[in-house]
Each structure stands twice: as structure tokens, then as C-alpha cells.
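User: I have a structure open and want to learn how to read it. Where do we begin?

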Amino acid sequence: PCGTRSSPEYLNQTFELSLFVLCHGMLQLAQLLVSGYLKSSISTIERRYGFSSQKSGILASFNEVGNIVLIVFVSFFGSRVHRPRFIGGGALLVSLAALIMAMSHFISGPYQYTDHISESKDDDSGLCQLESSFQSPLSNHSCTQQESHSQQGVFPLLLLGQLLLGIGGVPIQPFGISYIDDYASKRNSPLYLGILLAVTSIGPAFGFMMGSFMLRFYVDIDKMSKDQIGLERKDPRWVGAWWLGFLVAASFLFLTSLPYLFFPRQMPKEPPSPSLPLFLPGFPCIVLRTLRNPIYLLVVLAQVHLAAMVAGLATFMAKFIERQFTQTASFSNMMIGGVSIPLAVLGIVLGGALMRRLSISTRGSALMCTAAILMCMLTALPLLLLGCSTQSVTGTIPLSSSSVLRQNGSLGCSAGCSCPTETFNPVCGSDGVEFISPCHAGCMTKVQDNNTIKVLNYTNCGCINGSHALPGTCGSNCEHLLLPFMVLSALTCFIASFSQTPSYMMILRSVRTEDKSFAVGVQYMLFRMLAFLPAPVLYGIAIDTTCILWGKKCGRNTSCHYYNMDLFRQRFLGLQVLFVCGAFICFLLSLLILRHRAGQQGQQAEQRYTVVNGVKSPDNNTASKELQRMPA
């Protein structure tokens with residue numbers, strides 16, 4: 001046996017399998033880098049093109065449409081096709097999808113924000129102009145230009161990129177997992193799977209970190225010089241260079257797809273598979289056999305709840321941190337990619353190592369998942385209490401019944417300023433009161449930097465005690481709660497990720513060997529149909545219902561300017577708690593079923609055997625015969 005384990009054939013197979021795990025980890029890292037980067041940039045894209053949160057949610061989840069349509073049929077073929085080449089082809093399609101999404105930037109014109117500052121030092125747009133017949137900065141002519149065909153084609157082009165991203169990703173994960181599990185030993189399979197899940201989980205982390213870096217650059221950095229940029233990063237109108245990351249990700253995906261052209265279709269010890277014509281008639285039987293497995297269904301439903309939670313949080317958590325704690329998009333993405341996701345990766349690795357170390361059974365895996373999600377519930381509930389209410393904003397009438405946005409008395413201080421209704425250029429007065437524009441604050445003059453067109457402050461403000469204001473929002477005064485929020489949030493991610501590897505092993509061990517690829521395919525189809533597709537839209541709708549002042553541009557609604565932050569926090573994080581509770585119930589039911597089966601097997605064993613003179617046999621007659629055969 002020792003000589004067999006050290007034989008060249010064994011070492012060669014181990015090397016090939018380890019190399020495949022490495023390559024597949026890098027590919028999934030690159031694939032999820034695109035997904036993570038999109039989610040890190042979703043609030044920036046929303047601001048750039050005036051999308052609502054619901055529309056952003058549709059964009060974030062649209063890649064699941066193509067995936068849902070194809071994943072069951074592709075996964076059904078499983079080991080009956082050349083899996084590595086299918087994986088490589090899908091990766092090339094994902095690379096093309098990333099390029100298409102970046103193309104949206106190049107077909108659209110320069111970013112135009114309200115109260116855009118011209119290069120002239122004498123430009124007084126956005127200020128209080130008492131004696132002039134004020135004209136809106138957005139005339140009908142400019143609105144017509146902004147509604148050009150190229151601008152209108154941005155959202156369909158982004159949807160096309162997401163659709164191709166979903167189609168290309170169909171064979172990558174199901175084929176990769178089943179390919180590895182087919183050739184790994186039963187003892188090493190959890191370790192390989194844990195390593196793979198951990199490496200791929202770094203993909204979204206890299207995506208958020210890359211988003212944190214790219215969003216520091218202005219969106220039109222390729223179209224104008226640094227001195228022509230009139231916004232600071234903390235300005236709520238700032239839009240970062242969201243398109244740069246897609247170009248980097250497309251190159252990475254292309255490189256990681258190439259090794260799959262050289263992997264063999266079969267490794268030495270793969271069992272022979274029936275031919276496709278003989279296998280197709282058994283498709284309905286496999287479907288029924290898989291879907292009638294209660295353990296499989298309960299674990300998949302538990303994972304669906306967790307996947308829905310992750311999909312919503314990954315899409316809008318950066319936006320939540322921006323709004324709730326008055327942080328930049330770059331900093332918010334750094335918190336997610338540098339703190340929360342690495343701890344989740346660590347939890348996945350430790351969960352897989354723990355299973356391998358203790359050789360945990362299927363029943364033990366169910367207990368491990370149930371305990372982890374129960375602890376996750378306890379750490380997620382306090383997050384609902386960590387936050388602040390929306391700051392008071394003066395100078396506008398609320399669009400919904402709320403006392404957060406209030407009208408400044410009779411508005412006599414700025415009544416004659418003829419402030420445009422679509423303006424949004426928030427300023428913070430020296431008395432701590434926020435206005436939606438310097439015009440609404442009654443500011444008559446501004447001080448600009450001598451070397452750039454950036455505004456340093458506004459002066460002669462009739463509505464402010466102290467007569468001057470700084471550009472930008474006053475904030476929610478909630479920055480001191482960011483640290484405890486991130487600690488609890490990261491701890492929740494760490495604990496919940498312990499259930500990742502054991503839940504996957506429960507799925508792989510609850511179905512037949514020949515059904516693994518199909519079972520994984522159905523699992524991912526349910527993920528996409530019940531979690532990844534609807535969850536971002538559901539979160540987006542919940543967020544939109546908390547908006548109290550929508551932006552306006554050319555007579556249509558754009559992205560939300562102000563939210564009721566108490567409702568935002570309660571509904572956004574409340575959905576998280578709801579999904580965690582659903583996962584806990586499913587894992588608990590699977591544990592109870594496994595315990596019930598174990599109890600039934602024990603009772604059947606006691607009834608089947610009787611003990612005669614210390615000898616166990618199916619019945620007394622057999623026991624007597626056994627005693628007669630024993631030596632005296």
C-alpha cells in the first residue's frame with residue numbers, strides 16, 4: 001500500500017488534480033471579481049445615469065436570467081461532455097461581457113451634474129440671483145442632447161453585458177465542483193472544496209477593493225484634465241471611474257481561461273459513463289430522484305435564503321454605509337472588501353478544515369450548519385439598532401409625509417432667488433444646517449481655488465447664521481457608530497460562512513455519484529431563480545420606499561437624494577434577519593430528519609436481531625444454528 005501511494009501514477013494524478021483546483025480557483029476568482037466589482041460600483045452607476053435602486057437591482061441580478069435558462073441542461077450532461085473545455089469557453093464569454101459593460105462609458109457623453117461649474121471664474125450658476133431673470137441650467141436644448149440615442153442605449157448595453165456574464169458562467173462552477181469531487185478521495189474532498197470556495201470568495205473581495213481604488217478617479221478622467229474637475233470625492237455628486245475595473249477584469253478572465261484548453265476530459269480513475277443517447281431517457285427519473293430527496297431540498301433552500309441575503313447585501317451594503325455613516329463610495333467598498341469578505345473566507349477555510357479534522361458525518365454537518373446560523377442570528381439582530389436618523393435639510397418641501405425635510409419658515413430669505421426645482425448641490429451652513437443648494441441658502445457669492453475650478457466656500461448667505469457655507473452635506477453625525485457596526489457585521493459574515501462547506505458536502509453526499517453534476521446544477525438554478533435574481537430587486541424596492549426626495553432631471557425622476565435613514569436601516573437589515581431565520585429553520589428541519597432516520601435505523605436494528613447466549617443473529621433459529629457450528 002505504501003508503494004502504491006508513492007507510485008508515479010498516484011503522484012501524477014494528485015498533481016493534475018491539485019493543478020486543476022488551482023486553475024479553477026483562479027478562474028472563479030476572476031469571474032467573481034467582475035460580479036463583486038459591479039456591486040461595488042452599483043451606487044456610482046446609479047448616480048451617473050440616474051437609476052433608481054429598483055433599476056439598479058434589476059441590473060445587478062440580470063446575469064441570472066441567462067444562467068437560469070441554461071444551467072440545468074448544461075449541468076445534466078455533467079461528465080458526459082468535455083468539462084474543462086466548456087469551462088474555458090464560458091470564461092471567454094464572461095471576458096467579452098466585461099468588455100461590453102465597460103463600453104457603456106465610451107458611448108455616453110461627459111458626466112453632467114446639476115450646477116455644473118464652468119471654467120469661467122465669473123460663472124454664477126447655482127447662486128442666488130435676485131435681479132436677473134433666472135434660467136434653468138438645463139434648457140430644453142441641453143435636455144435633448146442628454147437624452148441622445150447613445151445615452152438611452154446605456155442601460156440595454158449594461159443588461160446585455162450582464163446577460164452574457166450569466167450565460168458564460170453557466171458551466172464554470174457546476175462542472176468545476178463535480179470534476180474535482182469525481183477524482184478527490186472522500187477524505188480530501190471537503191478540503192479541496194473548502195479551498196476552492198475560499199479562493200473564489202476572495203474574488204468579490206478583490207472586486208470591492210478594486211472598486212475602492214478605481215472610484216477615487218473621476219469618471220471622465222479620459223476626457224478631461226485634473227484641473228477641469230470641479231468636484232471633491234466627498235461631494236454627493238461625485239462619480240468615480242467605474243468602467244476602469246471592467247477592463248482589468250476582462251484581461252484577467254482571458255488569461256485564466258487558457259489553461260482549460262489543455263486539461264483532459266477524463267482523469268485516470270474516472271468511472272465510465274453511459275453514452276448520451278442511452279442516458280437521455282433517464283432524465284425524468286433523475287429529476288424526480290433528486291427533487292424528492294428531503295435533505296437535498298432543505299439544504300438547498302437554506303442556501304437559497306443565505307444566497308438571497310448575500311446578494312442583497314453585496315449589492316447595496318456599500319450604499320448603506322455611504323448614506324448611514326456619511327462615507328465615500330471608495331471607503332465603503334474598502335470596508336466590505338478589506339474586512340467583511342476576508343473574514344467570510346477565513347470562516348469557509350476553517351469550516352472545511354474542521355470537517356476534515358473531525359471527519360464529520362452528514363448528520364454532524366447538519367448540526368454544524370444549524371449552530372452556525374443560530375449564532376449568526378444573535379449577532380445580526382443588534383445591527384438594527386446601530387444607526388442615526390436623517391439630518392434635517394432646509395430649503396425644500398418633502399415629496400412624502402416626513403418631518404425630516406422641512407421648509408425654512410416662509411423662505412423669505414431666498415424667496416427672490418428663483419432657485420431651479422431640479423438643482424442639487426448640497427451645502428452645509430456654518431450653523432450646521434444643510435441646504436440642498438447654495439441658492440436655497442441665499443448665498444450670493446462663492447470663493448474658488450485659484451488653480452482649479454473647485455469651490456472652497458460660499459459667502460453672503462442670507463439664510464445662514466454666520467453668512468457662509470461649505471460645499472457638501474453636513475452628514476448624519478453617525479460616524480462614531482461605524483466601528484461597532486463593521487465589527488458586528490464582519491463577525492456575522494465570519495460565523496455564517498462556517499456553514500458553507502458542510503452544507504455543500506451534505507448536498508454531494510445526499511445524492512448518487514452519477515447525479516452529482518445534475519444536483520449541483522439544480523442547486524445553482526434554484527440559487528439564481530429564487531435568490532440571485534429576485535433578491536437585489538427586492539432590496540432595491542425596499543430601499544426606494546424609504547426615499548423622501550427624488551432627484552429630477554429634464555422632468556423625470558433620477559436617483560434618490562435623501563432617504564429616511566431609520567426606515568432604510570430597518571428595512572434593509574430587517575431583510576437580512578428574515579433570510580437568516582429562514583436558513584435556520586431549513587437547517588434545523590434537515591437535522592431533525594437525519595436524527596429521526598438514525599433513530600429509526602437503531603430501532604430496526606434492535607428488532608431485527610435478538611441476543612441468544614451473547615450471540616447476535618436475525619432470529620432464534622439462526623442463532624441456534626450458529627451455536628451448533630461453534631466449537632465446543
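Analyst: This is a predicted model. Start with a cut-off: a residue is buried when its relative accessible area is under 20%, and exposed when that area is over 50%. Partly exposed lies in between.

User: Which residues of H11 are buried?

Analyst: In H11 they are Gly245, Phe246, Ala249, Ala250, Leu253, Thr256 and Ser257. Look down the axis of H11: these buried residues fall within an arc of 135°, so they line one face of the helix.

User: What span should helix H11 have?

Analyst: Count 1.5 Å a residue. The 14 residues of H11 (residues 244–257) should then span 20 Å. The end C-alpha atoms of H11 are 21 Å apart, which agrees.

User: How do helix H3 and helix H8 cross?

Analyst: Compare their axes. Those of H3 (residues 53–61) and H8 (residues 154–168) come within 8 Å, and they cross at roughly 35°. H3 brings Lys55, Leu59, Ala60 and Ser61 to the contact, while H8 brings Phe155, Leu158, Leu159 and Gln162. By type, the residues of this contact are 5 nonpolar, 2 polar and 1 charged.

User: What is the phi of Thr326, and where is Thr326 found?

Analyst: Its phi is near 55°, a positive value in a residue other than glycine. Thr326 sits in the loop between helix H14 (294–325) and helix H15 (329–358). Its relative accessibility is 26%, so Thr326 counts as partly exposed.

User: And where is Asn460?

Analyst: Asn460 is in strand S6 (residues 455–461). Phi of Asn460 is also near 55°, a positive value in a residue other than glycine. With a relative accessible area of 44%, Asn460 is partly exposed.

Definitions and conventions:
Residues numbered from 1 in each chain as written. Predicted model: local features only at pLDDT ≥ 70, side-chain atom pairs only at ≥ 80, totals over all residues. Heavy atoms only, no water. Axes fitted to C-alpha atoms, helices over the stretch in contact; angles between N-to-C directions. Helix = DSSP H or I, 4+ residues; strand = E, 2+ residues; numbered from the N terminus. Contact = heavy atoms within 4.5 Å. Nonpolar A, V, L, I, M, F, W, Y, C, P; charged D, E, K, R; others polar. Expected span 1.5 Å × (residues − 1). Buried < 20%, exposed > 50% of the residue type's maximum accessible area, 1.4 Å probe, protein only. Arc of directions from axis to C-beta.
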